[in-house]
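Hi there,

Here is the structure I promised to pass on.

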Amino acid sequence: MAFRSVLSVTGADHSDQDVRTAASLCAEVGAYLSVLVMSPPPLIMRLRCSAMASPSGLENAHAIAALEKRYRQIERFSQDIASLEKTSREIHKLLRATWRCYDADIANCDQASVGDAVRQRALCNDLTIVGPALLNDINLGPLVINGSLFDTGKPVLVVPEGAEATLSPRRVLVGWDSRVEASRSVREALDLLAGAEEVRVALVDPEATCTGNGAEPGADIAAYLTRHGARVSVDRLASAGKPVAMVLAQHAIDTSADMIVMGAYGSRRLRERLFGGVTRWIVGKPPLPLFLAR
């Protein structure tokens, strides 16, 4: 599909790198940019009282602790709002100079509400960009992934540090395993794939079955992409005992791919593990943008 509206989520304490990346991608395809600036999720404070305290002393300690906690919350809220507004002003100034079609909003959320705030905005955009600063934020990053990718069905483009991000890649590697998630990633990336000079569909340890990969693994998806104008070849890879993600990443490097397209897997409990896995995947590897759909 064509990307006409793009969401960029950034933290109030992040640099402007992620927003610049998103603005550059939007300028490339003429898309509208929507920026959401979020405060870092506050740490959960737990009360600790001495086991030797008397009942009345314990009640007093709880009351004092509750007041102190409330004071800290108010102070934190004021600081967060000031930081969000400052970052928002800086982003408006940046985007006025680099990109005309945009809006920027702020959200001060607790940890439980981050996903909902992102989901609400991602639902009304075609693509969410996860840039290097957000990718490296272990507190905010997984929550944004949850809201934008798993809770909406919309795609996410992960752009690691040093990657040459583009929405007009010349060479694309598609990780294919005949599952719904892989099919959805291909469907969401059709415009990218149709416009590329070369699309390589990679299958790791494929088995020829009547109900899965078919008698000739990869042939069906290659034919589908060809009908949409993509220039496709199929690569069947042996894992040799290595993780599938590692095999795909190495093959992308070996074939000089500009982007990897693949399905995002994992139940609700595995979402943070997926985010961590994606982060670990790109560490120590030549950086490549990763297009994910669920």
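Predicted model: local features only at pLDDT ≥ 70, side-chain atom pairs only at ≥ 80, totals over all residues.

Arg4 sits in the segment before strand S1; helices (H or I, at least four residues) and strands (E, at least two) are DSSP runs, numbered from the N terminus. Leaving out residues up to four places away in sequence, Arg4 touches Val29, Ala31, Tyr32 and Asp126, where contact means heavy atoms within 4.5 Å.

Residues are numbered from 1 along each chain as its sequence is written, and side-chain values use heavy atoms, with hydrogens and water left out. The protein chain has an average pLDDT (the predictor's confidence in each residue, from 0 to 100) of 84, and 80% of the residues score at least 70. Please treat residues 43-52 with care: pLDDT stays under 50 there, and the model has nine contacts beyond four places in sequence for this stretch.

Now the sheet. It is open, with 10 strands in the order S3-S2-S1-S4-S5-S10-S9-S6-S7-S8 and mixed pairing; two strands pair if DSSP finds at least two bridges between them. Strand S3 (102-107) and strand S8 (232-237) are the edges, each pairing on one side only. Strands S6 (residues 171-175) and S7 (residues 198-204) run parallel and are joined by five bridges.

Axes are lines fitted to C-alpha atoms, for helices over the stretch in contact, and angles run from 0 to 180 degrees between N-to-C directions. Helix H8 (residues 219-227) lies across S7 and S8, at about 160 degrees to S8.

H3 also packs against helix H5 (residues 141-150), at an angle of about 40 degrees and with the axes 7 Å apart. On the H3 side, Val114, Gly115, Val118, Arg119 and Ala122 meet Leu143, Val144, Gly147 and Ser148 in H5.

Happy browsing!
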